[in-house]
Amino acid sequence: MALMSQGQFISHCTADALTGAAAQLKAGQLVAFPTETVYGLGADATNPDSVARIYEVKGRPADHPLIVHLADMQDISEWASDVSDYAIELARSFWPGPMTLIFKRTDLAKDFITGGQETVGLRVPDHTLALALLNEFKKIGGKGVAAPSANRFGHVSPTTAEAVQEELSEYLSHDDLILDGGSSSVGVESTIIDCTAEAPRILRPGAITVEKIEGATGVKVENRNDVIRVSGSLEHHYAPSAKVILDETPQPGDGLIALNSVATPEGVTRLASPLNNEEFARLLYGALREADRRELDRVVVIQPEGTDISIAIRDRLKRASAEG
Ligand code: TXA
Ligand code: MG
């Protein structure tokens, strides 16, 4: 643990600890918490000063919108207007879960949450600790918790509390908290679905795939890219310090992340050997961090194929390997 470490690390999240953490949020402090996708850095989504601190701690440009995390799908009407039938179907099918829905905002969603856009992103995460925290926060009058991934801007998202500490502790203050809820079970960020038009549109791929969305709603997903700002869609993102190389034969001294069926050449450091694409997603960010811990110059990733969560994996790897 770094000497400079700030932000209290809570490894046993008892009911009392969660009540305390919710009170800290209400009082304006930041609370990093686990979700099933990645860890989030949370603040009271109605408090401009707390939200400003998220941007400071992350080193993130101020016009990038934040996702508001809710305890329950009933709460969406506070933040969203014009909620379509297919969006309700999505919420019913996949919440709590690794999915963020974008709606037209209500007056509660201020510019400091939406980055000045007329839309707001909402998510009910599927993690016992996150839900307990959100419920405690709601009990004391909280409306929602704004939380980006708990990493410095452009870096790899954290999937453990230790990774959050590594990323952010020197930027947190003494009263901020880091809640430890173990490793994130999904491992890549939520699917972001724009629900403001007639048909759903994917802005960021994740564990909830086109197939699942179409299966649940009976509505065809539209495939269009436009100008909505998604910071994760900048070219260079999700990147470790090591250079990420895709689908090449690793050289001696390189790190290697690939499915278990791929052999490790002589002199190469194996960083992960997942058995399937779900495990690949779960292990990927930890393995990229491990490459940096070992001070490797290059990490080769042999990308998994398919139309499942591997779409999200390839999306993140494309950005992690982009020059920038
Ligand atoms: O899995 C996740 O979504 C994690 C966990 C903590 O919930 N959160 C996360 O947040 O990945 P963040 O801020 O690192 O990425 C959220 C993305 C950003 O790229 C942001 O631009 C986009 O969501 N976003 C948020 N609100 C939006 C909106 N109203 N319209 C378009 N994009 C939005
Ligand atoms: Mg992020």
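In this predicted model, the side chains of E167 and R289 meet in a salt bridge at 3.3 Å, N to O (a side-chain nitrogen of Lys or Arg within 4 Å of a carboxyl oxygen of Asp or Glu). The pair links distant parts of the chain, 122 residues apart, with E167 in helix α7 and R289 in helix α9 (residues 277-293). Helices (H or I, at least four residues) and strands (E, at least two) are DSSP runs numbered from the N terminus. In total, the structure holds 20 salt bridges.

Local features need pLDDT of at least 70 and side-chain atom pairs count only at pLDDT 80 or more, while totals for chains, interfaces and linings use all residues. Residues are numbered from 1 along each chain as its sequence is written, and side-chain values use heavy atoms, with hydrogens and water left out.

The domain assignment, automatic or taken from a database, gives domain 1 (2-217) and domain 2 (243-321). Their contact (heavy atoms within 4.5 Å) takes 21 residues from domain 1 and 15 residues from domain 2. The C-alpha centres of the two domains lie 27 Å apart. Between them an area of about 1300 Å² is buried, 54% of it from carbon and sulfur atoms; buried area is the accessible area (1.4 Å probe) that two parts lose on being put together, summed over both. V156, V188 and P205 supply 37% of the area that domain 1 buries against domain 2, more than any other three residues.

Between domain 1 and domain 2 the count is 4 salt bridges. R293 forms a salt bridge with E166, where the closest N and O atoms are 3.3 Å apart. On the side of domain 1 that touches domain 2, helix α7 (residues 161-168) provides the largest share, 3 residues.

The UniProt annotation "domain: YrdC-like", from an unreviewed entry, covers residues 15-208; such annotations may be inferred rather than shown by experiment. Over residues 15-208 the chain is 31% helix and 20% strand, with the end C-alpha atoms 31 Å apart.

Two backbone features were also noted. The peptide bond from W95 to P96 is cis, with omega near -10 degrees, and P96 is found in the loop between α4 (85-94) and β6 (99-105). D82, in the loop between β5 (80-81) and α4, has a positive phi near 55 degrees. Most residues other than glycine have a negative phi, and most peptide bonds are trans.

How values were computed:
Chains lettered and ligands numbered in written order.
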